[in-house]
Amino acid sequence: MALRNILIHPDPRLKKVATPVASVTDDLRRLADDMLETMYHAPGIGLAAPQVGVMDRVLVMDCVKDEGARPDPMVLINPKVLWTSEARNVYEEGCLSIPEQYAEVERPAEVEVEWMELDGKTRREKFDALWATCVQHEMDHLDGKLFIDYLRPLKRQMITRKMQKLKREMARG
Ligand code: NI
């Protein structure tokens, strides 16, 4: 396993629609392993392949937050939303590609998702609470969408300018 470099907004790769995965290969298994390691290391609760510059429809997540609780790493390949609740939920979201910026985003409170597992099998599950927000946030990444796209333009521009400044500072080292 290896840590991958997380792209920081703004980056054209974060605005692209990712491509469906045709089959599970060794490369894909390596990617999923690396993404989980990168996510836990950050630390974060979700990461989508475009955030490490790979334009595949793959995401990883683990929303278990209680200390001492057993981790629950999930790998979702080609995830699809089957159903969303009418009830909505507001969470303060952040993103590993937009470090240290947080804002409230409203999304469906529950969502049913179908995806392919690393063993090639199809799995279906209903998510709620933080898991629902996380899976929707990560699926947005696969369509080139960021949580700041839900914010008002002024707030979004403010965050984008901060990220441009951060990237200039990082480039200077
Ligand atoms: Ni994100």
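A129 has its place in helix α2, where helices (H or I, at least four residues) and strands (E, at least two) are DSSP runs numbered from the N terminus. The phi angle of A129 is near 50 degrees, a positive value in a residue other than glycine, and A129 is partly exposed, with a relative accessible area of 34%; buried means under 20% relative accessible area, exposed over 50% and partly exposed in between, with a 1.4 Å probe and protein chains only. The model is predicted, so local features need pLDDT of at least 70 and side-chain atom pairs count only at pLDDT 80 or more, while totals for chains, interfaces and linings use all residues. Residues are numbered from 1 along each chain as its sequence is written, and side-chain values use heavy atoms, with hydrogens and water left out.

**The nickel site**

- The nickel ion has as its protein donors C95 (SG), H137 (NE2) and H141 (NE2), which lie 2.1 to 2.3 Å from the ion; donors are N, O and S atoms within 2.8 Å of the metal (3.2 Å for Na, K and Ca), and sites may look incomplete because water is not among the atoms.
- Along the chain these donors follow the spacing C-x41-H-x3-H, and because C95 lies in strand β4 and H141 in helix α2, the pair ties together parts that are 46 residues apart in sequence.
- Both C95 and H141 are buried.

**R107 and its surroundings**

- R107 lies in strand β5, which covers residues 98-108, and R107 is buried, with a relative accessible area of 4%.
- The side chain of R107 makes a polar contact of 3.0 Å with that of D140 and another of 3.3 Å with that of Y150; a polar contact is a pair of N or O atoms within 3.5 Å, and within protein one must be able to donate a hydrogen and the other to accept it, while residues adjacent in sequence count only if both atoms are side-chain atoms.
- When neighbours within four places in sequence are left aside, the residues in contact with R107 (heavy atoms within 4.5 Å) include E93, H137, D140 and Y150.

- A pocket is an open set of points on a 1 Å grid over the protein atoms alone, where a 1.4 Å probe fits, with protein on both sides within 12 Å along at least five of seven lines, and lining residues have an atom within 4 Å of a point; grid points are joined across faces, edges and corners, and a volume is the space filled by probe spheres set on the points.
- Helix α2 gives the largest share of the lining of the largest pocket, six residues.
- The second largest pocket holds about 170 Å³ of space, and among the residues that line this pocket are L3, R4, H41, A42 and L96.

**Backbone features**

- The peptide bond from H9 to P10 is cis, with omega near -5 degrees, and P10 lies in the segment before α1 (26-41).
- A42 and P43 are also joined by a cis peptide bond, with omega about -10 degrees, and P43 is found in the loop between α1 and β1 (46-48).
- N78, in strand β3 (residues 74-84), has a phi near 50 degrees, a positive value in a residue other than glycine.
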